[in-house]
Amino acid sequence: MARSLGLSAYLALARRESATLGAFTQERPSGELIWLHCADIERSGTLAQLGLRLTSQRQGITILLTTSPDAPVPASLPDGIIWAQCPSENPSDIRKFLDYWSPDIGLWLGGLLRPALIDAAARRATPLVLLDANDHSVENRRARLIPEPIKATLANFTSILAHSDEAKVRLRRLLVDGHKVQPSGPLLEDSPALTCNEHDLQDLSGSLGGRPVWLAAMLQPQELPAILNAHRSIVRLSHRMLLVLVPDTPEDAPAFKETCEAGGWRVGSWDDGQFPDANMQILLAENRRELGLMYRVSPVTFMGSSLVPGHGGRGPFEPAALGSAILYGPGVRRHLDSYSRLAKAGAARIVKDSDSLSSALSQLTAPDQVAAMAHAGWETVSEGAEVSDQIISLAQTLLDEKESQ
């Protein structure tokens, strides 16, 4: 296919860029590979979660996530996602990248386009989909110096999912084939409900016998004193209250138990097969694999790694998807959009220390308060499901079509 004057001029300029792509450190697995590119590092977690949903619905696929060459490695990527740095716009880097990874399809999130990379992938007949597209954000810094490569770059996408109806109209005006632009909506972070062992759920619920429970999940050691102080305050109001502790890393569990016992708490260990009895005040679960169970039995969850600086918080949609009201500290920069959405909906509340945490917990002993927050959280998580389902369906169709060729 003939390139436009603007794109040809851009590619000529890109050839002068230095090649920077180094050796690959991970082997390319066999089978289908879906390439996710996130131009906005802050949204990499959202795109990664979409990739995990794809792996759960199509067996044997690999998810590769790339970010811009100057961006840091995304924090807290889920297991099962391969990360690699995006190549420069130099043709040598692009050829090396595409030869090695040989993606079956590409899903692109974020407006900062890379015309040389997109053009090369399209010429290899790699289906490409632009997600959450808005004409105001579609740009390339170098493209401002030369005539209009953006229209030709957008034309290289197999499909473009518009951020809104207004964006759909504007994007269709940019393209000769406006039918590539489909109505969609913003890609929002969501979370499939974590699973749990049903027998464990029945047994744990039975041993609790209606006892009130709150959970402190993915906790850092420095946060433990504030959590224990808040628990001491709340048991004065509700003496049967049980605290479930899940550290951010299993290696911290022995120190957590030692600190709790030194404070005079009666502690049980879930990993040792202990179920709560009337005397147990704290239940310690070492591994986050148990969170699907613990979220289900805990009407209120404090999301850890947020009360002390330096950790960036942990994603809040897993507890929200399972009906747990959410409390969190101020240090959630890695998931700020997610917490903001939940807080705006009334599903999450910020706390700053043990006193404000105690106050929030005392308010949430009222069942109607917890129920309202839990319902708001479930609705917020469900908001983005329709768009995610649309993307997954389109990706499956493109993979099927490529497989049949």
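In what order do the seven strands of the open sheet lie? The order is E10-E11-E9-E8-E12-E13-E14, with parallel pairing. Strands (E, at least two residues) and helices (H or I, at least four) are DSSP runs, numbered from the N terminus. The model is a predicted one, in which local features need pLDDT of at least 70 and side-chain atom pairs count only at pLDDT 80 or more, whereas totals for chains, interfaces and linings use all residues. Residues are numbered from 1 along each chain as its sequence is written, and side-chain values use heavy atoms, with hydrogens and water left out.

Next, select E9 (residues 242-247) and E11 (residues 282-284), which run parallel and are joined by three bridges. Leu-245 stands opposite Leu-284 in E11.

**Two helices in contact**

Select H8 (residues 224-237) and H13 (residues 354-363): their axes come within 8 Å and cross at roughly 35 degrees. Axes are lines fitted to C-alpha atoms, for helices over the stretch in contact, and angles run from 0 to 180 degrees between N-to-C directions. The contact (heavy atoms within 4.5 Å) includes Ala-226, Ile-227 and Leu-237 of H8, and Leu-357 and Leu-361 of H13.

**Helix H4**

Select H4 (residues 115-123), where seven of the nine residues are buried, that is, under 20% relative accessible area (1.4 Å probe, protein chains only). Pro-115, Leu-117 and Asp-119 are among the buried residues. Their cover includes helix H1 (5-14), strand E1 (33-38) and helix H5 (150-155). Just after H4, Ala-125 takes a positive phi of about 65 degrees.

**The nonpolar cores**

Select Trp-35 and Ile-160, which touch the most other members of the largest nonpolar core, a set of 35 residues. Such a core consists of buried Ala, Val, Leu, Ile, Met, Phe, Trp, Tyr and Cys residues joined through side-chain atoms within 4.5 Å. H4 gives the most to this core, with five residues. Apart from it lies another core, of 34 residues, including Leu-204 and Leu-342.

**A last stop**

Select Ser-338, found in helix H12 (residues 336-345). Ser-338 is buried, with a relative accessible area of 5%. Not counting residues up to four places away in sequence, Ser-338 touches Glu-189, Pro-316 and Phe-317.

Terms used: Buried < 20%, exposed > 50% of the residue type's maximum accessible area, 1.4 Å probe, protein only. Pairing = 2+ DSSP bridges.
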